[in-house]
Structures are given as C-alpha cells and as structure tokens.
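Please read it alongside the sequence and the model.

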Amino acid sequence: MTTSYPWQAGTATGVGSYPGEDPAEALRVVLGELPELPHLPELPARGPGADLTGRTAGLLIDMPVRVEPSGWRFADRPGRDTLRARDHLARDLDVLEEVAGGHDGPFKIQVCGPWTLASTIELRHGDRALKDPGAVRDLTASLAEGVAAHVADVRRRLPAAEIVLQLDEPGLPAALAGTVPTASGFSRLRAVEESVAEDALRTVIDAAGAHPVVHCCARDVPYGLLRGAGAKAISVDLRLVPKRDDDAVGETIDAGIGLLLGAVPGTDAALPSLRATAEPVRDLWRRLGFPPARLARQVVITPACGMAGASPRYVREALKRCRDTARMLYEAADA
C-alpha cells in the first residue's frame, strides 16, 4: 500500500520534555539534532504551568484551573496559575517564531490528550474529572477548541511548515482498565468504555486539523482504539511492546499507520552501540514479517519518553543517537 507521511525516510524526533528553563536554548538543540522532524520543547522545570497537565490546561476554553496541594483543579475564574501556563506557552511560541520561523518541513507540537487530562485535573469538590462523564464531555469540547486555536497559532508562526500534533495519553490505558485512583487513593474510578474513549480522542483530532500522532509510553497501548480515533501515527516506548501485542502492532503497520518507536533511554544511561540500539527495531520488524524497505519510511526513532529528567549533555547524545539510528536503518534498507 502507498501511504504518505509528513516525514522523510530515516527520520528521528523527540517526545516532548527537556531539562532546563531556557526555551531558546532547548529549541536550538532540537533544531540542531533533529532537523528532519523538530518539535516544540517543553520545559517542566519552570514549574506549574510548564508541566504536561498545566501547559495543556492553559489552552482550555472557559475552563480555568488552579494549583492545589493535590495538583491541578478547575477554578471559577482564571487566576495566576492559568495565566502563568498561558504566559509560558506564549513565550515559547514567540521564541519558536524568532528561531524557527522559516522552517519549511514537518514540525511537531505536543498537548495532553483528553483522558490523561481528565485523570489529572480535579473537579472543584476534589474528585478527578474522569469520575464525571459530563465533566469529561465538557473538557473534551473545550480541549478540542483550544487545541484547534493552538494549531492555528503555530501555523501563523511557521507558515511554511506542516504541523504534526502529538496527543500525549500516558493515562489512557489506566482509564480503560479502571485502575485510576480516586482523589482519596482508597478506591479506583470506573473503567471508561472503549467507544467513549475513542469518540473523545476523535473529537480533538478532528478539530485540530493537523497530522495526528498519539503518544502512549505505558503498557497495554490500545492500538486499535487509537487507529479508530484517527491517529495517523502512534508513539510508544519500544521496551514496553511485548510479543503479545504483535497482532495489534502488525495490524497497525499493515494499515499504514506510522510508528514513533522509543529506542533510546530517556534519562541518563550508558548508550549501547549504534547497532545494538537499532537491533530491537529490526527485531520487531522481522518478527512481524514486513519488508525491510518499508521500515525506514514508516518508523521514526525517538527517545523512550520525555527527557525532563536527563542532563543537558545526555540529551544531545541521546538525540544524536536517535538520528544516527534512523539514518542507519534507512541506509541498511536502501542497500
């Protein structure tokens, strides 16, 4: 089958978060090490509002949030926490326009998906939003509108780029399995039906109008659900892809869905040889029986997850290893 991807064969990219507090420096590292598919870095070390939940909560329309000792919670009106989240993102986008405004290839941005957001933001009385189906519907609609506006803003700043939107959903498998704890921690919230989860993701993906990727660095990735929701690529930690998932992964590849495979540790580690880094990717491909020439086109190499906990030196080494691995896989397939 012939499938079009926004990236070239032999491409690498990052997942999202980086250490430090300087958005210009982080973006320069990304552009230098990941030129084929750079992305907007996230810097959670800056504090509340720069974290995964707070950053995306700042995009919500008419659903302000505030920080409580227990975490993020919906508020009656926008306060300093909502404004701080919006200020962090506004600064990042100004830096993006200044440093990368002429970028003319694919460019990836990341936001928290509706199910992870609903699992981490509390309602005003303290229960997680995930507990209330009506609250989840409101959150999904608000997120869809906010993400669409965010994508449009990025497009204005990068007029020659093709925008790739990554929805981060590390909390989705737990929501489906019914293992998300209540606010007290003494019980678990009821499992979300797959059809409901798929509909919410599709709502956000359809509204955004960008090339959609869903990232899930947890076990039990629901590949079929993500495909049904409209994901054109799925991002996973390669170490967490068990053989029992072979059928689901194979169906995903067969459907032409891109795979962003986390093949390099996301925190400081002694990196193995280039060949040893590439071997698990090749092993997966061989195991599933797909032609080698297709691998470099359909697979993008990434770190295993976000790199906020890594040292700046390691970040550069890891991103270079991702890039070199992707190139090696491409050259081997082309030989």
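Gln-166 stands opposite Val-213 in S6, and this pair belongs to the contact between S5 and strand S6 (residues 211-215), which run parallel and are joined by 5 bridges; two strands are said to pair if DSSP finds at least two bridges between them. The model is predicted, so to speak of local features requires pLDDT of at least 70 and side-chain atom pairs count only at pLDDT 80 or more, whereas totals for chains, interfaces and linings use all residues. Residues are numbered from 1 along each chain as its sequence is written, and side-chain values use heavy atoms, with hydrogens and water left out.

Strand S5 (residues 162-168) is mostly covered, with 6 of its 7 residues buried (under 20% relative accessible area, with a 1.4 Å probe and protein chains only). Strands here are DSSP runs of E with at least two residues, and helices are runs of H or I with at least four, numbered from the N terminus.

| Strands | Bridges |
|---|---|
| S3 and S5 | 7 bridges |
| S5 and S6 | 5 bridges |
| S8 and S9 | 5 bridges |

Within these pairs, Ile-109 stands opposite Leu-165 in S5, and Leu-261 stands opposite Ile-301 in S9. Helix H10 (residues 274-288) packs on the sheet and touches S8 and S9, contact being heavy atoms within 4.5 Å; the direction of H10 makes about 145° with that of S8, where axes are lines fitted to C-alpha atoms, for helices over the stretch in contact, and angles run from 0 to 180 degrees between N-to-C directions.

The open sheet has 6 strands in the order S3-S5-S6-S7-S8-S9, with parallel pairing. Strand S3 (106-112) and strand S9 (299-303) are the edge strands, each pairing on one side only.

Terms used. Buried means under 20% relative accessible area, exposed over 50%, partly exposed in between (1.4 Å probe, protein chains only).
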